[in-house]
Amino acid sequence: LPRFDCDTDYDMAFEEFQNAAIDYLSKNRDTIFDAPVVSAKSAVAKAEPVSYGRDRPFPAPLALKKLLSQPGSNKETMHYELDLKGSELSYRVGDCFAVYPQNQPAEIAAIMDALGMDSDDVVEWRGDVMGIDQALQRACLQQITLDMMRLIAATSGNASRPAAVALNEGGDALEEFRQGHHIIDLLQTHKTSGIGPQTFVSALRKLQPRLYSVASSPTAQPDRVGLVIETLRYEWNDRSVQGVASCWLADRIDESQTVPTYVVKNDDFQFPYDDRPVIMVGPGTGVAPFRGYLAELEARRLSNETWLFFGHQHQAFDYLYRQDLERWFESGVLDRIDFAWSRDQSDKVYVQDRIAEQGAELWRWFERGALVYVCGDAKGMAPGVEAAFAAIAEQHGGKTDGQAWLQQIIAAGRFKTDVY
Ligand SMILES: Cc1cc2nc3c(=O)[nH]c(=O)nc-3n(C[C@H](O)[C@H](O)[C@H](O)COP(=O)(O)OP(=O)(O)OC[C@H]3O[C@@H](n4cnc5c(N)ncnc54)[C@H](O)[C@@H]3O)c2cc1C
């Protein structure tokens with residue numbers, strides 16, 4: 001069988017592989033199997049009922065929607081709770097929930113407009129026949145696929161335009177072009193005449209679910225899951241862009257509607273419920289799993305030693321879950337909390353700076369068997385936090401090579417990251 005390489009949008013490639021595999025196995029079963037082959041029909045008959053998952057998300061009613069950031073913040077951050085009753089979905093702190101969003105109607109309209117299509121146009125989308133607008137609801141309207149590049153480059157009048165030039169050049173130029181534009185940018189700056197609805201949708205990939213860290217305790221709220229989500233709005237290529245999932249939830253879903261969701265287990269980011277101390281680093285929405293863990297400790301009446309490093313731009317606007325954190329600090333569920341408000345003074349201060357300041361004490365926690373958890377921004381924060389811990393090992397732990405020590409404790413499961 002040929003190898004099929006899959007990325008997150010694996011459905012079509014997997015389906016092709018599955019069909020090829022079934023075909024191969026059925027043609028060669030005499031030589032492959034010693035034992036009699038169970039027919040596909042009887043195997044299906046014995047199968048367990050399908051549970052909710054990626055291919056069958058649970059339509060969870062939105063039970064609560066609340067603004068967490070204060071008016072005046074540069075970042076809108078929301079708290080959502082999904083009602084899981086009847087789903088039999090179970091989760092642990094450290095897991096994620098995947099959410100299937102819907103595209104913005106204005107973006108669908110802009111694409112149809114750029115292509116001169118109307119809602120009477122019918123297409124086939126992944127085996128089903130539907131109106132073009134419905135197909136565009138199911139497709140990723142941002143990422144430009146290679147097929148889309150080829151389609152636009154081959155369209156009459158585009159031979160010397162940027163997409164064709166980037167495609168011919170390939171390599172970094174092609175990647176840069178694809179990263180620097182969404183589909184609507186491409187359509188509005190290139191000729192599109194002659195591109196039919198079916199040809200266009202065939203060059204799109206499926207809209208992907210978005211992952212969100214659990215921010216609640218399954219013991220305290222077994223039928224609900226809490227999520228903390230930053231609403232993404234930004235200016236780009238001279239237009240206002242909205243994050244697909246975060247703006248769908250913030251702007252177009254209310255408490256009477258449902259959110260298609262499923263659980264994504266994360267065995268590599270599980271928390272201890274024995275007496276080991278826990279150091280948590282979670283600025284911004286990275287606080288999610290730590291809110292879940294502290295709520296879980298409270299619900300189970302456990303008293304692990306806990307230390308949270310939280311950060312954001314401004315204390316006055318961005319202190320997420322302030323009431324919860326203050327309550328846990330007062331009751332002793334949370335033993336220590338250090339803040340990094342990056343824009344409350346002239347010099348920017350981040351969680352990694354606070355970690356460096358607390359090096360001696362952190363090393364003592366480490367010697368007592370502490371586990372470190374880091375959640376949130378993968379680009380700036382996580383490498384900065386890793387470097388800060390490596391420096392602490394050299395400065396306070398007498399290690400000659402802090403990076404080597406860090407790799408060892410990562411391998412030993414004492415330094416866990418869940419970053420995005
Ligand atoms: C394991 C995991 C856990 C996560 N947990 C959380 C969580 O708890 N809370 C949370 O809020 N998010 C979380 N995320 C991120 C989340 O999955 C989404 O990626 C996020 O909400 C954005 O999705 P969206 O559909 O709103 O935006 P999209 O439409 O997907 O747009 C996001 C993209 O926009 C681009 N972009 C963003 N800002 C700019 C800018 N200023 N200029 C140019 N381009 C820009 C980037 O390419 C970015 O990838 C998690 C991700 C992972 C992988």
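The legends below describe close-up views of a predicted model. Residues are numbered from 1 along each chain as its sequence is written, and side-chain values use heavy atoms, with hydrogens and water left out. Local features need pLDDT of at least 70 and side-chain atom pairs count only at pLDDT 80 or more, whereas totals for chains, interfaces and linings use all residues.

**View 1. Domain division of the protein.** Four domains are assigned: domain 1 (11–46), domain 2 (58–101 + 209–264), domain 3 (105–202) and domain 4 (271–419). These bounds come from an automatic or database domain assignment. The centres of domain 2 and domain 3, taken over C-alpha atoms, are 29 Å apart. Nine residues of domain 2 and eight residues of domain 3 take part in the contact (heavy atoms within 4.5 Å).

**View 2. Interface of domain 2 and domain 3.** About 600 Å² is buried between the two domains, with carbon and sulfur atoms giving 44% of this area; buried area is the accessible area (1.4 Å probe) that two parts lose on being put together, summed over both. Of the area that domain 2 buries against domain 3, Trp236, Asn237 and Arg239 supply 59%, more than any other three residues. One salt bridge is found across this interface (a side-chain nitrogen of Lys or Arg within 4 Å of a carboxyl oxygen of Asp or Glu). Aspartate 185 and arginine 239 meet through their side chains in a salt bridge, at 2.8 Å from N to O.

**View 3. Two further salt bridges.** The whole structure contains 21 salt bridges. In one, the side chains of aspartate 83 and lysine 85 meet at 3.2 Å, N to O. Aspartate 83 is buried, at 17% relative accessible area, while lysine 85 is exposed, at 53% (buried is under 20%, exposed over 50% and partly exposed in between, with a 1.4 Å probe and protein chains only). Aspartate 251 and arginine 233 form another salt bridge, at 2.9 Å from N to O.

View 4. The structure holds 21 aromatic pairs (rings of Phe, Tyr and Trp, the last by its six-membered ring, with centres within 6.5 Å; planes under 30 degrees apart are stacked, over 60 edge-to-face and the rest tilted). The rings of tryptophan 307 and phenylalanine 309 are stacked because their centres lie 5.2 Å apart with planes at 20°. Tryptophan 307 is buried, at 0% relative accessible area, and phenylalanine 309 is buried, also at 0%. One aromatic cluster is formed by Phe269, Phe271, Tyr273, Phe290, Tyr293 and Tyr373.
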